Amino acid sequence: MKMCRLFLQLCLGLTLLSGLAKPDIDPLQDYCIADTKSPLYLNGAPCLNPTLAHSSHFTTSALAKAGDTKANQFGFSVTLTTLANLPGINTMGLTMARVDIAADGLVPPHSHPRASEVTICLQGVILVGFVDTSNRLFTQKLEPGDSFVFPRGLIHFLYNMEPKKPALAISGLSSQNPGAQIASRAAFVSNPPIPEVVLEKAFQISHQDVAKIRKNLGG
């Protein structure tokens, strides 16, 4: 009897886990325009009354303007569609991103915990790549019109190979809220900081190296 209960608990746990591991839930209606003024905090956003829907809710010019690639030391800028600039995207399970990369600039190794990503190069020559869980690197040089897919959750990067010209890419991500975590910043400038001894052992570096990297990353 006890084994039966344990088995049932295990089955229930696996069922719940499989549900939690699903991507964004499917909408139950044609659309759910985000009511950005609602005080409710939900997994997504409350829906605006469908009778108030307008074409403007489904369009945005947020990606039309180039981002400021001088805003960080890596030389890149990412502009996203959000519920604020495109409320009609609520519950659709996708995000669009404009990626501007300065000459010789880099979108450093990072991951999106909740989304896969497909990127198309529109301008310049971009070296892209990702590393799988076997530490195998997949990389490709993209020219205008070329596309590349980054699997969900895997570390990936984009590097502008042009030494004097900026690059531009557009990405589609398979989540309304894909999340983004830059590997180097997560390791060295977290808040509160990861203990130095952990970083020294993990990266096989010295105390001085940790301090220097943290300083370089703005920590």
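Guide: Two strands pair if DSSP finds at least two bridges between them, and a strand is a DSSP run of E with at least two residues, numbered from the N terminus. This is a predicted model, in which local features need pLDDT of at least 70, side-chain atom pairs count only at pLDDT 80 or more, and totals for chains, interfaces and linings use all residues. Residues are numbered from 1 along each chain as its sequence is written, and side-chain values use heavy atoms, leaving out hydrogens and water.

Visitor: Why are strand 6 and strand 10 called edge strands?

Guide: The open sheet has 5 strands in the order 6-5-8-3-10, with antiparallel pairing. Strand 6 (137-142) and strand 10 (181-182) are its edges because each pairs on one side only.

Visitor: Why is His110 called buried?

Guide: Buried means under 20% relative accessible area (1.4 Å probe, protein chains only). His110 has 7% relative accessibility, so the word applies. His110 belongs to strand 3.

Visitor: Which residues does His110 contact, leaving aside neighbours within four places in sequence?

Guide: Among them are Leu154, His156 and Gln181; contact means heavy atoms within 4.5 Å.

Visitor: Which residues does the "binding site" annotation cover?

Guide: The unreviewed UniProt entry lists His110, His112, Glu117 and His156. They are spread over 47 residues of sequence, yet cluster in space, with a largest C-alpha distance of 12.1 Å.

Key: Helix = DSSP H or I, 4+ residues; strand = E, 2+ residues; numbered from the N terminus. UniProt positions renumbered as here; feature names shortened; annotations may be inferred. Buried < 20%, exposed > 50% of the residue type's maximum accessible area, 1.4 Å probe, protein only.
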